[in-house]
Amino acid sequence: MNKKLQLYIANLALKNLPFGGTKWHSSAKKLSDALVARGIEMPYKLYYEYNLPGNSTPAGFMQKYALDYFCHNFYNDFALRILTDKTLKISEKKDIIKYVWSVRKNKNDFLAQYANQIQELNPELSHINANNYRSIVYGAMFGFAPAEIDYFSNPKRRNFAREKSNAETINSFGVQLNYVLAPRTAKIVIALLRKNAQNNIKVK
């Protein structure tokens with residue numbers, strides 16, 4: 001399949017991912033960069049560059065995952081859109097449908113496969129509940145720290161009221177928090193932001 005058709009499928013698939021968006025970005029990296037810009041040093045990393053299946057970059061892996069997800073979940077809608085698209089030649093439509101069907105024929109749980117591969121490639125994630133495939137795959141894809149992946153992989157441990165409060169506190173310092181921090185991480189981030197704010201007041 002030529003690059004034009006690969007791009008066509010990739011863009012369509014990315015628009016239908018559960019987390020939305022067509023370009024890779026990491027909320028963990030954004031938070032890490034924001035703290036560094038303020039001269040704040042965390043005792044451990046907030047953003048990780050994990051080893052991903054196929055030696056992919058995060059953006060490349062997101063595209064691959066998007067294709068698998070889309071082909072397995074939206075085949076009928078996808079086929080209808082392809083067949084009625086007047087910008088595509090008949091031969092191109094056949095090539096795309098053939099590709100999508102070849103992916104769809106794989107009945108294995110691609111999410112579980114990716115999660116297992118990620119844990120094998122990254123020992124720091126091996127302790128996380130292997131049954132929560134989505135948390136492992138998404139967490140690694142976007143570079144979340146092991147503590148955060150472990151925390152949101154178990155919904156029963158989560159305290160949504162505390163998460164909201166922590167996010168509001170962090171946001172009050174002018175730092176946008178767009179993902180869930182583990183309680184210990186949030187406590188450290190808030191303490192460091194408060195200390196940084198107090199130091200800035202003293203300097204003025």
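A search of the whole predicted model returned one cavity of 30 Å³ or more, a cavity being a set of points, on a 1 Å grid over the protein atoms alone, where a 1.4 Å probe fits but cannot get out. The largest cavity holds about 40 Å³ of space, the volume being that filled by probe spheres set on the grid points, which are joined across faces, edges and corners. Its lining, made up of residues with an atom within 4 Å of a point, consists of Trp-24, Tyr-47, Tyr-48, Glu-49, Tyr-50, Leu-52, Pro-58, Ala-140, Met-141, Phe-142 and Gly-143. By class, nine of these lining residues are nonpolar, one is polar and one is charged; Ala, Val, Leu, Ile, Met, Phe, Trp, Tyr, Cys and Pro count as nonpolar, Asp, Glu, Lys and Arg as charged, and the others, Gly among them, as polar.

The model is predicted, with local features requiring pLDDT of at least 70 and side-chain atom pairs pLDDT 80 or more, whereas totals for chains, interfaces and linings use all residues. Residues are numbered from 1 along each chain as its sequence is written, and side-chain values use heavy atoms, without hydrogens and water.

Two of the lining residues, Ala-140 and Met-141, are also among the buried residues of helix α7, together with Ser-135, Ile-136, Val-137, Tyr-138 and Gly-139. Buried denotes under 20% relative accessible area (1.4 Å probe, protein chains only). Because seven of the nine residues of α7 (residues 133-141) are buried, this helix is largely enclosed by the rest of the structure. The cover over these buried residues includes α3, α6 and α8 (146-152).

Overall, the chain comprises ten helices and zero strands, helices being DSSP runs (H or I) of at least four residues and strands (E) of at least two, numbered from the N terminus. Of its 204 residues, 43% count as buried.

Definitions and conventions
Buried < 20%, exposed > 50% of the residue type's maximum accessible area, 1.4 Å probe, protein only. Contact = heavy atoms within 4.5 Å. 1 Å grid on protein atoms, 1.4 Å probe; cavity = no way out; pocket = protein on both sides within 12 Å on 5 of 7 lines; lining within 4 Å.
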